[in-house]
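The entries below record what I found for each.

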Amino acid sequence: PLHGIAALDQGRVLLVLGKECELAVLEANGGAVAWRFGEDGRREGQLDRPSAVAVSARGRVYVADRDNHRISVYTTRGIFLFVLSTDLRKPAQIAVDDDERVYVLDEPDDGRLSVFDHRGALLKRASAKAGGARWRAMTASAEGRVFLAEAKSGRVLEFDWQQGRVAGAFGSQGRGRGQLSEIVALAVQGS
């Protein structure tokens, strides 16, 4: 099954095939598989149920390696570079901004946001537990604006990760206009 998708370059698309522990690059014209990379395992460079992918402006591919509890970093050709962080528990979503800050949503304490620089230094960590909510989905804009979805309220939050607080919100639980029943993914348009 498909677990994640990201724009690569020149119209190509990168897919996360979680069960197969692989990433597949699709060509822009016709969608044929150009190549695949990744293999099942626990050693560095191997994957165990990858759940999401993000590609930076510098051409790095960041993979949320769910069951290895880490972020693995590759080139766009699939060459393993390094492990960004092992201080995670079941990373589920990932995003990268233009400054190559890496945003990760993992699953302890009903959702935890971690922000790293491109070398893997932890810049900030915040948890939904403090606010009594559960963060279900996350994305970040090219400028570093973070958006989080609450699982039960149907709200989307703009989260100021530097201050550790909600900067704005919209939506509510329901099926009416402006209401959301279940949010499982978020995306923002690139700059």
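I began with the naming of elements: strands are DSSP runs of E of at least two residues, numbered from the N terminus. The model I consulted is predicted.

**Entry: Glu107**

I looked up Glu107 and placed it in the loop between E10 and strand E11 (112–116). Is Glu107 buried, partly exposed or exposed? Its relative accessibility is 35%, so I noted it as partly exposed, since that class lies between the cut-offs of 20% and 50%. I then checked Glu107 against Arg136: the two residues are 29 apart along the chain, and their C-alpha atoms are separated by 8.7 Å.

**Entry: the sheet that begins with E5**

I traced an open sheet of 4 strands in the order E5-E6-E7-E8, paired antiparallel. Which strands stand at its edges? I found E5 and strand E8 (80–85) there; each has a single partner strand, so one side of each is left without a neighbour in the sheet. From one strand to the next, the twist averages 25°.

I followed the pairings within this sheet. E5 and strand E6 (residues 60–65) run antiparallel and are joined by 5 bridges. Val53 has Val63 in E6 as its bridge partner. Strand E7 (residues 70–75) pairs with E8 over 4 bridges, again in the antiparallel sense. Here Tyr74 has Phe80 in E8 as its bridge partner. The hairpin of E7 and E8 has 4 residues between the strands, and Gly78 in that hairpin takes a positive phi near 90°.

**Entry: the sheet that begins with E13**

I traced another open sheet, also of 4 strands, in the order E13-E14-E15-E16 with antiparallel pairing. Its edge strands are E13 (135–140) and E16 (165–170), each of which pairs on one side only. The twist averages 30° from one strand to the next. I counted 4 bridges between strand E14 (residues 146–150) and strand E15 (residues 156–160), which run antiparallel. Among the residues concerned, Leu148 has Leu157 in E15 as its bridge partner.

**Entry: aromatic rings**

A pair of aromatic rings is described by the distance of the centres and the angle of the planes. How many aromatic pairs does the ring-centre rule give? The count came to 4. One of them joins Tyr74 and Phe80, with 5.6 Å from centre to centre and 70° between the planes, and I recorded this pair as edge-to-face. Tyr74 is buried at a relative accessible area of 1%, whereas Phe80 counts as partly exposed at 25%.

I next examined Tyr103 and Trp161. Why is this pair edge-to-face? The ring centres are 6.1 Å apart and the planes stand at 75°; planes over 60 degrees apart count as edge-to-face. The pair links distant parts of the chain, 58 residues apart: Tyr103 belongs to strand E10 (residues 102–106), and Trp161 to the loop between E15 and E16. Tyr103 is buried, with a relative accessible area of 0%. Trp161 also counts as buried, at 9% relative accessibility.

I noted that ring pairs link Phe37, Tyr74 and Phe80 into a cluster. I also looked for a charge over a ring and found the charged end of Arg77 over the ring of Trp35, 3.9 Å from its centre.

**Entry: the largest pocket**

I recorded a volume of about 1,000 Å³ for the largest pocket. Which residues lie nearest its centre? I noted Ile5, Val53, Ile94, Ala95 and Thr139 from a lining of 41 residues. The elements that give two or more residues to this lining are strand E1 (2–7), strand E5 (50–55), strand E9 (93–96), E10 and E13.

I looked up Cys21 and found its phi near 60°, a positive value in a residue other than glycine. Cys21 lies in the loop between strand E2 (13–17) and strand E3 (22–26), and it is buried, with a relative accessible area of 2%. Arg49, likewise not a glycine, has a positive phi near 60°. I placed Arg49 in the loop between strand E4 (33–37) and E5. At 38% relative accessibility, Arg49 counts as partly exposed.

Key:
Residues are numbered from 1 along each chain as its sequence is written. This is a predicted model: local features need pLDDT of at least 70, side-chain atom pairs count only at pLDDT 80 or more; totals for chains, interfaces and linings use all residues. Side-chain values use heavy atoms; hydrogens and water are left out. Two strands pair if DSSP finds at least two bridges between them. Axes are lines fitted to C-alpha atoms, for helices over the stretch in contact, and angles run from 0 to 180 degrees between N-to-C directions. Rings of Phe, Tyr and Trp (its six-membered ring) pair if their centres lie within 6.5 Å; planes under 30 degrees apart count as stacked, over 60 as edge-to-face and the rest as tilted. Buried means under 20% relative accessible area, exposed over 50%, partly exposed in between (1.4 Å probe, protein chains only). A charge sits over a ring if NZ of Lys or CZ of Arg is within 6 Å of the ring centre and within 35 degrees of the ring normal. On a 1 Å grid over the protein atoms alone, a cavity is a set of points where a 1.4 Å probe fits but cannot get out, and a pocket is an open set with protein on both sides within 12 Å along at least five of seven lines; lining residues have an atom within 4 Å of a point. Grid points are joined across faces, edges and corners, and a volume is the space filled by probe spheres set on the points.
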